[in-house]
Structures are given as C-alpha cells and as structure tokens.
Amino acid sequence: MLWAQPAAAQAPGDSTPAPPTGTSPAFVIQSDNGDNRLQFGVVVQADGRFAIDDPQDQVLDTFTLRRFRGIAQGRVARYFDFYVNVDFAGGIVNVRDAYFDTIFSPAFHLRVGKTKAPFSYDRNILVVNTLLGERGLTTTVAPDRDIGVQLMGDLAGARLSYAVALTNGVVDGGSSDGDTNEPKDVTARIIARPWTRSPDHFLSGLGLSVAANAGTHGPALPSFVSVGRQIFFSYAGAADSGRRSRWSPQAFYYRGPFGTYTEYVRSSGAIVKDGVAGDVDHDAWQVVASWVLTGELSGERSVRPHVNFDPPSGHYGALQVVARVEQLAVSQAAIDRGLAAPGSSRTADAWTAGLNWYLNPYIKWHVGFTRTIFDGDANGPRPAENLVLGRAQLVF
C-alpha cells in the first residue's frame, strides 16, 4: 500500500483514472477583471481528548467541536482586501477577525479592524495550517487578537517584511473587542528571508524575525492553560499595575519535506497586591520540527498531497510526523509574594509527538500525544498530564 503515488506511476492499462493533484478554491464569485472577488469558507475541527493516568481527574475526557468557523474574504475595487472570521463553536458567536486592507503597493498595506497582533510566529500561522492539536505555550504569553490599525509590507523582493500596529492592548494570550483604559499598545515585527529569491539555495527557506510590544493595560491578569485545557497557573487578589513589555526572537526553516521553527517570548510588567508592586516575568519557548514521510514539500501552509486521496486508484494522500518541546515559566517572585492562586504551578515543561494525514487540500486527520510536567515533578501535587488528542479537520 502506498500513501502517495504519482499519477505517472499508474499501471499500464489501468482504466481507473488518477484523481486530480489539486482542487480549485471553493465557492468563489469574481468579476471578469478580478477587481472584485468574494470567497466563502468553513473551518470545522472536531476533537477527541483523552487523558492517560489521570489520578486526580484533572482532564475531562471528551469529544468536542474545537472550532466551527464561517469565513468571508475577498476584494473590492482592486485595492481593498477584506477578511471576516466568525467562530460558532460552543454555541457562542465570537468574531475572531474583521478587517480590511488598503493596498498602496506591495511595500505598504494599511489594515484596520480586529486581527492578530504582528508578534508571535506560531500565532500568525493560520489555524488550519497548525501542525499540532494546540498552539505552543509561547502563544499564551504573546498577545492574540486586538483592534486597531496596522501598517505592513514586503521590501526588497520579500527578503524583508515588516508590520507595525497601534492597538487597544490585551493581556498575555488574550483577545479583546474593547478597551479598559486610554493608553494604547505598540507592536512591531521584522522578518528577514535573505535567500527567498534564490530557490535553489540551501538556505532559501530560512527566516529570522524579531518582535516587540509595549503598552499600559488594565488590571486584568492572564491564566495559563495546558494542552488538556486545565488551568495550571492563575493570579489571586493581584492586578496589573503598570506598563507591560514583550519581546520575541524567532527563526524558521523549510526545505523539501523538512520544516522547523522556534520562538522565545518574554512578557515583563509590574503586578500589585495589597498596595505592594513588583515586576513579574512570564517566559515561554518552543521548538517544533516536522518531516513529510511521503515526500511532499513542507512550509508555512498545510502539506498538499502529490495526489489526492482515492482508494480505488491506490492513492492515500500525504503523511507527516511532527514533534515539539516547550516550556512556560512564571517568575519565582509570583510565588514568594503570594500572588498566585492556591494550587498554581509555576512552570510547565511539555513534549508532543504527532502524526498528520492530509487526504487532500481540505481534509486532515491528526493524532498526537503530549506529556506535560508541572514544577519539574511528574509525581508532585499536580501530577504530569498525559493527553491523547485526535482531530478531524475540514476546511475550504
């Protein structure tokens, strides 16, 4: 049995036609000259989460609809792109994204509305292209979505990209549809791809980036959640009391069937309790690596099978293995000063191994195992979390 077989390898005389290698975008309405375009899409991610060796029943074994999103995107009058992304999972309507771009040139786009902050590499990978069931711990420290205005563009033939945003500001890992104070956040990110215009160069798939963010937020503080959706750290009786800054170095590399990326995020700011303020840091890092076993190209987008899933003709799509190691740590000062809620764990160390099966550009199945150790002690007050996560994904 072959997972992927080129159409040219079809046996002589075989009357079963090979399926197409790709499929056109679904549900597109477009004017003759392409100046106006409307495309509808759907994202469905149906998960199963099951804990292994969970003596305290911290993790709920369940099937769940992790995401159910309706998407409308397109272009009007040539120079104005738009994107609207609404999530209905859990029976709650949540506008994830709603923005439009004014395109002056490839080097200068102006974006207005609600969108992802130009900060975390992992967070800015489209959810349908993520390699594992949940994003890494770095995204729980980085800002998520925010409302404001953003300038972005590609320079020097896309060898250098930039984004600068002025937004309301959110807590670590947070999204917001409003504001709680008058000060605003400033976020900036620069990405360098020195050899992107030389596809035969060994380093053509290399990218380096750095991001920074600063702002004064309201009193809210974040909680940190494991892959098993259990809160392992939260604050009690404390509030954010001043300016918070974040910074993140990042790197990624894709070549042939291999792909990898890494990022580190630090969030620093003052936290007050009982009238006493002091700085507390949230630090997280992760390293992700993947390999497409069936030989297709890796990249920031999902793997596209050489030939789509079609059992009668002996084609089964593409297979990819992926692994991640990561850590999140809160300053010891949070414990020493009594800022943490009872039972909080200051650190979480995790590793994940997973397998992705891409049946065609629209269907992906994923299964992964994650082991998370809290406070460096697998048998401590909060036992290690061992989670199996399976997902069926439909996207078009």
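Modeller: This is a predicted model, in which local features need pLDDT of at least 70 and side-chain atom pairs count only at pLDDT 80 or more, while totals for chains, interfaces and linings use all residues. Residues are numbered from 1 along each chain as its sequence is written, and side-chain values use heavy atoms, with hydrogens and water left out.

Colleague: What is the nearest side chain of opposite charge to Arg 193, and why is no salt bridge assigned?

Modeller: Arg 193 is buried (under 20% relative accessible area). The nearest side chain of opposite charge (Lys and Arg count as positive, Asp and Glu as negative; His and the chain ends are not counted) is Glu 300, 4.3 Å away. A salt bridge requires a side-chain nitrogen of Lys or Arg within 4 Å of a carboxyl oxygen of Asp or Glu, so Arg 193 has none.

Colleague: Where does Arg 193 lie, and what is it in contact with?

Modeller: Arg 193 lies in the loop between strand S9 (185–192) and strand S10 (206–216); strands are DSSP runs of E, at least two residues, numbered from the N terminus. Beyond neighbours within four places in sequence, its contacts (heavy atoms within 4.5 Å) include Ala 158, Phe 252 and Glu 300.

Colleague: Why is Phe 108 called partly exposed?

Modeller: Phe 108, in strand S6, has 31% relative accessibility. Partly exposed covers the range between buried and exposed, the latter being over 50%, and therefore Phe 108 counts as partly exposed.

Conventions. Helices (H or I, at least four residues) and strands (E, at least two) are DSSP runs, numbered from the N terminus. Buried means under 20% relative accessible area, exposed over 50%, partly exposed in between (1.4 Å probe, protein chains only).
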